[in-house]
Amino acid sequence: MSTRHLDQPDLDPPGLDPLETLFAERACERLIVDFLRRLDLGDPGSVADLFTADGVWEWPHGERRVQGREALRAYFASRPADRLSRRMCGNILVTVVSPDAATATSYFATYRVDGYTGGMLPPMLPANVGHYEDTFRKVDGRWLLATRTTFLPFGGPTRQL
């Protein structure tokens, strides 16, 4: 298990005043939330636009790794058209480490089914529960995900309706 984000954060990163730190934290928090919104309610392929050009999404368990904005776009756009998903995310902790770099840990639960044709479904358990470990880079004045590592201590197959 990684502990790189569990160290005590530096509350005054070098080169940033408190307001700049606050703006950077908020921008990174918004990326985390926008990532989930685009997957659940928007155009999944557009999630790639939230990453740096060389961005990486990986899952250490199962040794899956997708690298580069175009590979990420193809990966996210390949989701089944009849997939219904909703992700709950919280406990977002962003640590700004420099004027152009930050890290974050956030927890999530994903509710997901394939074969959805409309209407309301009965309540069900989440398909998975885990956390993300992210790194961010500021590129041309815009904060972007550089890496996202997904840890899934609880997970199962996507339910088919």
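Is Arg38 buried or exposed, and what is its relative accessible area?

Reply: Arg38 is buried, at a relative accessible area of 16% (buried is under 20%, exposed over 50%, partly exposed in between, with a 1.4 Å probe and protein chains only). The model is predicted, so local features need pLDDT of at least 70 and side-chain atom pairs 80 or more, while totals for chains, interfaces and linings use all residues. Residues are numbered from 1 along each chain as its sequence is written, and side-chain values use heavy atoms, without hydrogens and water.

The side chain of Arg38 meets that of Asp34 in a salt bridge, with N and O 3.1 Å apart (a Lys or Arg side-chain nitrogen within 4 Å of an Asp or Glu carboxyl oxygen). Asp34 is buried too, with a relative accessible area of 16%. Arg38 and Asp34 are four residues apart in helix H1, so about one helical turn separates them (helices, H or I with at least four residues, and strands, E with at least two, are DSSP runs numbered from the N terminus). Arg37 belongs to this setting as well: salt bridges link Asp34, Arg37 and Arg38 in a network. In total, the model has ten salt bridges.

Asp40 meets Arg87, at 2.4 Å from N to O. This pair links distant parts of the chain, with Asp40 in helix H1 and Arg87 in strand S3 (residues 84-98), 47 residues apart. Arg87 is buried at 14% relative accessibility, and Asp40 is likewise buried at 14%.

Arg137 lies in strand S5 and Asp54 in strand S1, so the pair ties together parts 83 residues apart in sequence. Here the two side chains are partly exposed, Arg137 with a relative accessible area of 34% and Asp54 with 39%.

Phe35 and Tyr132 form an edge-to-face aromatic pair, 6.2 Å centre to centre with 65 degrees between the planes (ring centres of Phe, Tyr and Trp, the last by its six-membered ring, within 6.5 Å; planes under 30 degrees apart are stacked, over 60 edge-to-face, the rest tilted). Phe35 is buried at 0% relative accessibility, and Tyr132 is buried at 3%.

Strand S1 (residues 51-59) and helix H2 (residues 69-77) are joined by Trp57 and Tyr75, which stand 18 residues apart. The ring centres of Trp57 and Tyr75 are 5.8 Å apart and the planes are at 80 degrees, so this pair is edge-to-face. Trp57 is buried, with a relative accessible area of 7%, whereas Tyr75 is partly exposed at 32%. There are ten aromatic pairs in the model, and ring pairs link a cluster that includes Phe35, Trp57, Tyr75 and Tyr132.

Phe23 is also found in helix H1, but it is exposed, at 56% relative accessibility. From Phe23 to Asn128 the distance is 31 Å, C-alpha to C-alpha, and the two are 105 residues apart in sequence.
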